[in-house]
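Please read them with the model open.

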Amino acid sequence: MDISVARTFLEVVKTGSFVSAAANLNLTQTAVSARIRVLEEQLDRPVFIRNKAGAKLTPAGEQFLRFATTMVQVWERARRAVALPPGRETVVTVGAELSLWSPLLRHWLLWMRRECPEIAVATQIAASDRLMEQVQDGSLDVAILYAAPSRPGVIAELLFEEKLVLVRTTPANRPLGPEDHVQIDWGEEFAASYQAAFPDQPNAVVSIGYGPLALDYILAAGGSGYFRKGFIRSYLEEGRLALVPDSPEFSYSAYVVHSTKADPGVMDRIRSGLRAAAAISA
């Protein structure tokens, strides 16, 4: 079977729509329909029930789903194995959200270079939803995420627990107004918790989607914001930032996400390196 047919099938399952699958795959709806028709001819069974609401799996489609997922994962592993650099036993692909790369993934890359020279490493930065999709379809071995929704065939292991704390620039006796608070995008769960804790807070004048950029901004302009406690610890110790007394703290834990079919030996080495990196980054 053409692996693109299995990928198309999985995209229709994920989106619940031929139209949405076509848009995500940069194909026409006709091309998506043709691929699914080929699949149904090969299986001699319909795999989707099509209606105005979208596409729903038939019993045969439900049965084929787990095999399609495995096929794509095996293909991706085979493709990476064939392309191994000289002197390497295997290659691992690791992705993380942008705010987790520094310093956690930097320390991990150095640990892998020192402790696992036989493993080639490919890394990327992407949004959490995209990383979860790639772990599911086998194109990514491991993802490091702050939120790990439950997905079939995927295991999420707690990497470290962290707190988001409210800090302000110093001196602490300098008054700050509501317009000096910078809203940082720490995800939907944080946004809901923040709104519940500060129901009367006006909308922020400045909103920034990347924690390190927000930190650079308030250090230069003055202000306040919620940051990962481990990330700003050195600034607290230097006196450049101060905790805002009696302000609520919010949990912000990171997870290692991988397929249930991941190689246990390779995962043990990746996991060891990530825990060592997390200890250094704390």
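Which residues are exposed on the other side of H10? They are Pro 264, Ala 279 and Ile 280, where exposed means over 50% relative accessible area, buried under 20% and partly exposed in between (1.4 Å probe, protein chains only).

1. Basis. This is a predicted model, in which local features need pLDDT of at least 70 and side-chain atom pairs count only at pLDDT 80 or more, while totals for chains, interfaces and linings use all residues. Residues are numbered from 1 along each chain as its sequence is written, and side-chain values use heavy atoms, with hydrogens and water left out.

2. Helix H10. H10 spans residues 264-281, 18 residues in total, and reaches 25 Å from its first C-alpha to its last, close to the 26 Å expected at 1.5 Å a residue (1.5 Å times one less than the number of residues). Helices (H or I, at least four residues) and strands (E, at least two) are DSSP runs, numbered from the N terminus.

3. Buried face. Val 266, Met 267, Ile 270, Arg 271, Gly 273, Leu 274, Ala 277, Ala 278 and Ser 281 are buried in H10. They lie on the same side of H10, because the arc they cover around the axis is only 165 degrees, taken from the directions from the helix axis to the C-beta atoms. Among the elements covering these residues are S3 (90-96), H5 (101-115) and S13 (254-259).

4. N-terminal cap. Asp 263 caps the N-terminal end of H10, with a side-chain oxygen 2.8 Å from the backbone nitrogen of Gly 265.

5. Sheet. Five strands form an open sheet of mixed pairing, in the order S4-S3-S5-S13-S6; two strands pair if DSSP finds at least two bridges between them. S4 (119-125) and S6 stand at the edges with a single partner strand each, so one side of each is left without a neighbour in the sheet. S5 and S13 run antiparallel and are joined by four bridges; Ala 143 has Val 257 in S13 as its bridge partner.

6. Glu 162. This residue is found in the loop between S6 and S7 (163-169). Glu 162 counts as buried because its relative accessibility is 12%. A polar atom of the Glu 162 side chain lies 3.0 Å from the backbone nitrogen of Gly 230. Leaving aside neighbours within four places in sequence, Glu 162 is in contact (heavy atoms within 4.5 Å) with residues including Tyr 146, Arg 228, Phe 231 and Tyr 252.

Methods: A polar contact is a pair of N or O atoms within 3.5 Å; within protein, one must be able to donate a hydrogen and the other to accept it, and residues adjacent in sequence count only if both atoms are side-chain atoms.
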